[in-house]
Amino acid sequence: MGKLVALTLLGAGLALIGETLMTLRERINAYREVEPVEPQNCHLIEGLENGSEDIDILPTGLAFISSGLKYPGMPNFAPDEPGQIFLMDLNEQNPRVQALNISDGFDKASFNPHGISTFIDKDQIVYLYVVNHPHMESTVEIFKFEEQQRSLVHLKTIKHELLKSVNDIVVLGAEQFYATRDHYFTNFFLALLEMVMDLRWTYILFYSPREVKVVAKGFSSANGITISPDKKYIYVADVLDKNIHVMKKHDNWDLTQLKVIQLGTLVDNLTVDPDTGDILAGCHPNAIKLLMYNTEDPPGSEVLRIQNALSEKPRISTEYANNGSMLQGSSVASVYQGKLLIGTVFHKALYCVL
């Protein structure tokens, strides 16, 4: 009788594990392949070889690009090289990237940039906020951009007990921002378990010198975040739920969810088209190819455009899709006056004239 009970429990346990793994494979689109959608006038950007995880373009056409992210479980082609911030002037006829010098006194050797966001003050001074993972921790670094010198002056490092596993950031004012936490656990294996169990313990944080608080929670894995042109709404990507949350921003910085836009692909970083207000989403068609990297069958890339996000029926279209033959692991897409930049977690970057 005891053996029968033990076998029954073992069988039930194995069945539950099998069902959980099947559900996980469906959640991460383990069987999905993409049909190519490739604008004709596109080329890889020379000088960006080790990722271009996030991109933020100023109204003047200067694009900041974070590169060299080392993220647990993701491929990295230059593990011993520190991360960098690149600049690209999209007003040039043939734009090229330039690595920005960072001021002395900042630990450049452990620089591991992730999400980025810019802020322009009343004196038109540009500040770049960077999510940094030195030694796999999470900080937010504030830099002042010196345009003539093409350099970044480090001003401040922000740390807080709630700033853990930070993925992305959107700056609202001087030292005021929302940040996303993509995992509750900082240990890699516990984070994997968290993903498998779908614990939904990740959140959005509001930070200011006076107040730090969680303003929205219950995400499977909160990822990219951006703000609408009128500054009234916040858009948040939940990469494992394959959707975008549209949130209303209140005067006390709290967020209220208005709707969820399902996309059917794993959504990474979000940007907004400054001319139309459309959301651009850098996406991963099949996450298993990211987690189990194979040069013979690399992860693909996908960029979606979401029009009329606040309407009952947003229009979703594909701006770019590739099976990995050209671009692997797309994480962000950003536009400026008919020019499209597509960045990746660990691979190259693409420049297109639409």
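Let me begin with a definition: a residue counts as buried under 20% relative accessible area, as exposed over 50%, and as partly exposed in between. With that in hand, E146 at 24% is partly exposed. Please keep in mind throughout that this is a predicted model.

I shall stay with E146 for a moment. The side chain of E146 forms a salt bridge with that of K144, at 3.8 Å from N to O. K144 is likewise partly exposed, because its relative accessible area is 27%.

In total, the structure holds 16 salt bridges. Which parts of the chain does the pair E33 and K289 tie together? E33 belongs to the loop between α1 (2-27) and β1 (42-44), whereas K289 sits in helix α3 (residues 288-291), so this pair links parts that are 256 residues apart in sequence. The two side chains meet at 3.0 Å, N to O. As for accessibility, E33 is exposed, with a relative accessible area of 51%, while K289 is buried, at 8%.

One further pair deserves mention. D104 forms a salt bridge with K108, and their closest N and O atoms are 3.5 Å apart. D104 is exposed, with a relative accessible area of 72%; K108 is partly exposed, at 34%.

I turn now to H114. The UniProt record, an unreviewed entry, places the feature "active site" at this residue. H114 is found in strand β7, which spans residues 113-120. Is H114 buried or exposed? Its relative accessibility is 1%, and therefore H114 counts as buried. Setting aside neighbours within four places in sequence, the residues in contact with H114 include E53, D54, H133, N167 and D182. Also among the contacts of H114 are S66, L69, Y71, V131 and V166.

Next, Q98, which is located in strand β5 (residues 97-99). Q98 is partly exposed, since its relative accessible area is 38%. Beyond neighbours within four places in sequence, Q98 is in contact with I85, F86, L87 and R150.

Finally, the surface. L190, L193 and M197 make a nonpolar surface patch of about 280 Å². Of these residues, M197 has its place in helix α2, residues 188-197.

Methods: Residues numbered from 1 in each chain as written. Predicted model: local features only at pLDDT ≥ 70, side-chain atom pairs only at ≥ 80, totals over all residues. Heavy atoms only, no water. UniProt positions renumbered as here; feature names shortened; annotations may be inferred. Helix = DSSP H or I, 4+ residues; strand = E, 2+ residues; numbered from the N terminus. Buried < 20%, exposed > 50% of the residue type's maximum accessible area, 1.4 Å probe, protein only. Contact = heavy atoms within 4.5 Å. Patch = residues over 30% accessible without salt bridge, like charges linked within 9 Å, V, L, I, M, F, W, Y side chains within 5 Å. Areas by Shrake-Rupley, 256 points an atom, 1.4 Å probe, with all protein chains shown as cover. Salt bridge = Lys/Arg side-chain N within 4 Å of Asp/Glu carboxyl O.
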